[in-house]
Amino acid sequence: MGRVNAVELEDVRKRFTVRGSGAQPRSGVSPRGPSARIHSRREPPEYHVALDGVSLSVEEGQVLVLLGRSGSGKTTDLRTINRMVDPDEGRVAVLGREVHGWDVIDLRRRVGYVIQEAGLLPHFTVADNVALVPRLLGWPPERRTARARELLAVGGLEPDRFAGLLPRQLSGGERQRVGLARALAADPPLLLMDEPFGALDPLTRRRIQDEFRALQGRLGKTVVLVTHDVPEALRLGDSVAVMDAGRVLQRGRPREIREQPQEGFVRDFVNAALL
Amino acid sequence: MSFLHFLASRRAELMTLTAQHLVLVAASTAAAVALGLPLGIAMTRLRRLARPILALAGLVQTIPSLALFGFLIPLPLLGGIGTRTALVALILYALLPILQNTYAGINQVDRTVLEAATALGMTGGQRLRMVELPLALPVILAGVRIAAVVSVGTATIAAAIGAGGLGTYVFRGIATVDARLILAGAVPAAVLALLVDALLGAVEKSRRPFRAATALAVGTLLTLGAALVMSRPARGTAVVVGSKNFTEQVVLGEIVSQLLESRGFEVQRKLNLGGTNLCHQGVLSGELDVYIEYTGTALADILRQPAHSDPAVVLQEVRQRYRELGLVVADPLGFNNTYALAVRPDDAQRLGLRRISDLAPHARTLRVGLFGEFLERPDGMKGLLATYGFRFGTPPREMDLGLLYTALVNRQVDVVVGSATDGLISALGLVVLEDDRRYFPPYDAVSISSEKSLQRHPGLHEALNALAGRIDEDGMRRMNHAVDSERRDPAQVAREFLDGAGLVRR
C-alpha cells in the first residue's frame, strides 16, 4: 500500500488510582462500606484499569472509530494520542514520532480536538473560538480572521451572521459545527473527536454526520473518533475498533463488524443496537 | 443649626478626612488584590494550601480591629502609630473575600472548557490568562467589591491609630458624646460605601468587565500615586502630640499642642488614639513625641505594679521605671483624675454623706452604677468594698461612661463611680465623697515623652514643665463640661485656658 500510519499504539496500558495513595477524593460511599475508612491509611491503593494492552494503528487519511460503552477505555485511549493522558506502559506514536519526542504543547496544536458539547470558550465569539489555535500559533490577526471565516463557511455557518455571536447564542448543532471548525483551523493533519455528535437531536446529528463524512472525504484528514453509538460508528468509520474493559475485542471494516461480529460482547453490543 | 449646615461649616476638614478615608480604602483594597489574587490562584494550583490559607484569613477576620492594632504596633516595618499600621490591618481584613472569590471563581470554571483549552494546546499561563481568569472575573470582582465596601466601614477604625479618615469624627464624637459629630463621620462613610458599591457594581455589570476593571485599577493606582506625592508630611521637624480618645485627653492634647505652637514648635496632632496602650507604644516607638498619662494608669496598666496610695511614691516609682524604658515623666499638671464616688446632693444631705465611709449604714438600700472596667481593675470594686467593709444591696449596674450621670440624675441609681474630673460633677452640682481611707491610688496627670524626642526638640522639656501645677480638678472638670455639655470645640476651650492662665502671650 505504501501508506503511512498517522497514529500507532502498541500494547498501551494505563491504570488510574481510585483510592489510596495519591487518590483524588471521590464522592459517594466507599464500596467496602464505612468500616473500611478506619483502615484507610494502611490500605493498599485500589486501581481502575483503563487500558489493558491496546494496540491500534490508523493510516493517513482514514477514519478510525473507537466503539464501546462508557468505561470501556475508548476515551482514555483517544487521550493518549495528544498526551492528555500519559500511559503507564506501551508506545504511542503520532505522525511518525513517539509522543514523548514531541513538545506536548506543539503536539496538541498539531492535533485537532473536538469534544461533546464542543467545549467552546463561552467568553469568546464564534470567530475567536475558531481562530484560537492560529492565535496560539502566533498568526497575524488578518490571517486569523480570514481563516475563521473560511472555516465557518466550510462548516456550513454563514460567516457574516455567526462570526460575532457568542456560543450561548447558538443551537447545539451550530456549536458542534463551530467546534469542528475550531479543530480544523490550523489545518492539522490529525483530528481527535470524542463523542462529537453525542448531544445532538437525531435529525441534526444525522445531517452533521453526513456533512462530516463529505468534509473528511474532501480534506483527507486522519480522524480518530470515539462513540458509543453503533450506527454512527458503522456510518463514519473506515475502520471500527470495538472496545470493552480496556481491550480492543474486534477491529475491522464496518461491514465486518456488522456482518461478522465476534462471538460474545461484540455481537451482543452490535445486535442490541441494530436489531 | 441643621445637620447639613453643620457639615457645611466643617467643609474643608470634611473633605480632607473623606480624601484620607478614600486613600485608605483604595490603597488597602489595591494591595489586598495584589496579594490575594496571586495567592488565590496559587491555591487553585496547590489545593493543599487552600484550606489552611482560607482558615488563616478567616481567623484574621475574627480579631477585633483594636486588638489587631495591638498586635501590629510593636512590629518593626508593619507597625507603629499611623497610616501604615491602619493599612496593614485593612489589607488583612480585605484578603479573605478576595482570596475566597478568586479561589471559588477559578474552581467554578467549566471542566469541559478547561479540557478543551488544554487539548487545543494552551500552556498553563495561556489557560490562566485567556480562560480561567476571564471566566472567574465576575466572581473575583464581586469579592473585590465586598472587600472595598467592607473596607469603607472598617477604615473608620483607622482614626483610633492616628491614620485619619472619617473615623476621626466618629471617635471625636464618641469621646465628647456628640451625636452630631458621630453622624458627621458616619453619614459620609455610609454614602462613600454606597458610591464604592455602585462603582464596582457598574464594573461588574459592564459589557467589558475586564477592560473596566483594568481602567479602574489603573485609575486607582494613579490617584494613589498622586495622593502619595502630595501628602508627604513634614515629618521629622514637627512635634507629634498624641492623646487617648476621651474628652479630657483631647482637651489636654490641644493645650499641649497650642502651648508648643505658641513657643514656635511645629506640631502634628494625633489625638483620639484608641487607648492607653496605643499611646504608650507610640512614645516608645518614637511615633509620638508627647502625650498626657496618669500616674496610676502608668503604674497599674503599663508597668503592672501593685497600687500605692501615696502620690509622691507613685510618681517616683513611675519616673524611675519609665527612665529604664527611655521615657521622661514631666512634673504633674496639678489634678488627680482618680475614681470618684458621687451622689445626688439631696441624698448627701438627707443621709449625711460626706465620706465614702458614710455609705456603710445605707449601702444595702443604695444602687450603684459604674462602667465595666471598674469591676475588673485591681484598684476597682472588690478592693473598695473590702477596704470600707460594706456591700451594696443590689449588684452594680454597668453602663457607658456617658450615661452614668444621666442615670444618677434620673434616680435609676444612687451612687456612681466616675472620674474625679468628669465635667458633669460640677455641672450637676453632685457631691463627690471623700476617699477617707485613701483606697484609690493617685492618677496625677503627667506628660510623657521619650528622651530621644526631648533631645531632638530642644526646649520641649521646658515647655512641657511650664504646665506643671497649672490645672486643678475643678479647672479640668469645667473644661470637660464645656466640651461635653456645652458642645464647645476642644481647641477653643484649650485656647481660653492658655490665655486665662497666662501661659500664652498673644
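Within chain B of this predicted model, confidence is lowest in helix α4 (residues 65-72), at a mean of 80, and highest in strand β3 (residues 291-294), at 96. These values are pLDDT, the predictor's confidence in each residue, from 0 to 100. Helices (H or I, at least four residues) and strands (E, at least two) are DSSP runs, numbered from the N terminus. The mean pLDDT of chain B is 89, with 97% of its residues at 70 or more. The model has an ipTM of 0.83 and a pTM of 0.73.

Chain B meets chain A through 15 residues, which are in contact with 15 residues of chain A; contact requires C-beta atoms, placed from the backbone, within 7 Å. On the side of chain B that touches chain A, α6 (111-119) and α7 (124-154) each supply at least two residues. The largest share, 7 residues, comes from α6(B). By class, this side of chain B holds 9 nonpolar, 5 polar and 1 charged residues. Ala, Val, Leu, Ile, Met, Phe, Trp, Tyr, Cys and Pro count as nonpolar, Asp, Glu, Lys and Arg as charged, and the others, Gly among them, as polar.

Also in chain B, helix α11 (residues 247-262) packs against helix α22 (residues 473-484) at an angle of about 105 degrees, with axes 9 Å apart. Axes are lines fitted to C-alpha atoms, for helices over the stretch in contact, and angles run from 0 to 180 degrees between N-to-C directions. α11(B) and α22(B) are therefore roughly perpendicular (65 to 115 degrees). B:Thr247, B:Glu248 and B:Val251 of α11(B) make the contact with residues of α22(B) including B:Met476 and B:Asp484.

Residues are numbered from 1 along each chain as its sequence is written, while chains are lettered from A and ligands numbered from 1 in the order in which they are written. As the model is predicted, local features need pLDDT of at least 70 and side-chain atom pairs count only at pLDDT 80 or more, whereas totals for chains, interfaces and linings use all residues.

How values were computed: Two residues are in contact if their C-beta atoms, placed from the backbone, lie within 7 Å. Angles under 35 degrees count as roughly parallel, over 145 as roughly antiparallel, 65 to 115 as roughly perpendicular and the rest as oblique.
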